[in-house]
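Have a look at the structure first, and then read on.

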Amino acid sequence: MENVNATKAGLVHVLNRTGDTIILKSSKEIFRFSFLYHTQKESVLMDLGSKEAKIPLHHFEVGRYTVVAYREDAVYPISLNRIEVILKPENAIADLEEDILRASLSEDEQRKRNIKPRVKKERDTRLANVNSRPDRSKIEAEEREKRERIKRESEERAKKERALAEANKERLAREKADREKAQIEANRRAIKERALAEARQKEERERALAEAEKRKAEEAAIAEREKKNTVKDIDKKEVKYNISDIDNGGLDKQSREEYRKENLRPNGKKYDEALEEEKKNKQ
């Protein structure tokens, strides 16, 4: 929509020949302008410092906008209603402010503002028909292809992620199985080693018991031999006494010497041995 006051003030706004760019021409310097997005309730403010501004429309979706130009004398709002989609040109600049400055300023002015010039590519310089409009079916086909491509890429990513998840799951399962197998083997070795240790201990106990029994038997045999060597059985002759008649001739009398030969002294020694000891002691 044309702003009559802006036109009277020397601010002209028109479309270029291809209909994809708004051109603002002013008799005075436009030091700033802004864009108000009606649907999003957002605005973009940028400095210009030029009498001419070129605004590429592919940055704006279908909808209503307000472009406000700031000059020293006044502020001039201009309404904009996008009703058709404009294709994004090849090698387009993504940033709106950079795109406007490169399109509006001369190369010298760009260098002054530290804007590096872009490498120019050969392109078709033939002018398009002013009344030409983009093919709606072509735009829809391109949008549909874009959506399908995004969908395919998303499906591919999801497929890869599922494959990675399955591979990771299998890896974890294998690692768990290996750990369990290793634990089983360790338990089996521990049980075997414990059984061997118990068998060795049992064998050592039995050997020690057998040696103790053997020593006990040997000690008993030695004690028995010593006893036999020390004490000898002496046959005793039975003597009957009849004290009613001593001299009746029916009593077997035994002399002192015979008694001592056949009997032991109270200390368990023979009378002959005792006599010999007495003689030795007297000497």
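Of the 283 residues in the protein, 18% are buried, where buried means under 20% relative accessible area, exposed over 50% and partly exposed in between (1.4 Å probe, protein chains only). This is a predicted model, in which local features need pLDDT of at least 70 and side-chain atom pairs count only at pLDDT 80 or more, while totals for chains, interfaces and linings use all residues. Residues are numbered from 1 along each chain as its sequence is written, and side-chain values use heavy atoms, with hydrogens and water left out.

The protein has six helices and five strands, taken as DSSP runs numbered from the N terminus (helices H or I, at least four residues; strands E, at least two). Along the sequence the pattern is α-β-β-β-β-β-α-α-α-α-α. Among contacts (heavy atoms within 4.5 Å) between residues at least 6 apart in sequence, 55% join residues at least 24 apart.

Helix H3 covers residues 107-112 and includes Gln 110, which is buried at 7% relative accessible area. Beyond its neighbours within four places in sequence, Gln 110 touches Leu 101, Arg 102, Leu 105 and Ile 115.

Now for the charges. The whole structure holds nine salt bridges, each a side-chain nitrogen of Lys or Arg within 4 Å of a carboxyl oxygen of Asp or Glu.

Arg 111 and Asp 108 are separated by about one helical turn because they lie three residues apart in helix H3. Glu 203 and Arg 207 are also about one helical turn apart, being four residues apart in helix H4. Shared partners join Lys 28, Arg 71 and Asp 73 into one network of salt bridges.

What gathers in a patch of negative charge on the surface? Glu 142, Glu 143, Glu 145 and Glu 148 do; like charges are joined within 9 Å, using residues with over 30% relative accessible area and no salt bridge. Glu 143 lies in helix H4 and is partly exposed at 35%. A positive patch is formed by Lys 88, Lys 146, Arg 149 and Arg 152. Arg 152 also belongs to helix H4 (residues 136-230) and is partly exposed at 47%.

Terms used:
Patches are made of residues with over 30% relative accessible area and no salt bridge: like charges are joined within 9 Å, nonpolar side chains (Val, Leu, Ile, Met, Phe, Trp, Tyr) within 5 Å. Accessible areas come from the Shrake-Rupley method with a 1.4 Å probe; for residues, only the protein chains shown count as cover. Lys and Arg count as positive and Asp and Glu as negative; His and the chain ends are not counted. The place of a charge is taken as NZ of Lys, CZ of Arg, CG of Asp or CD of Glu.
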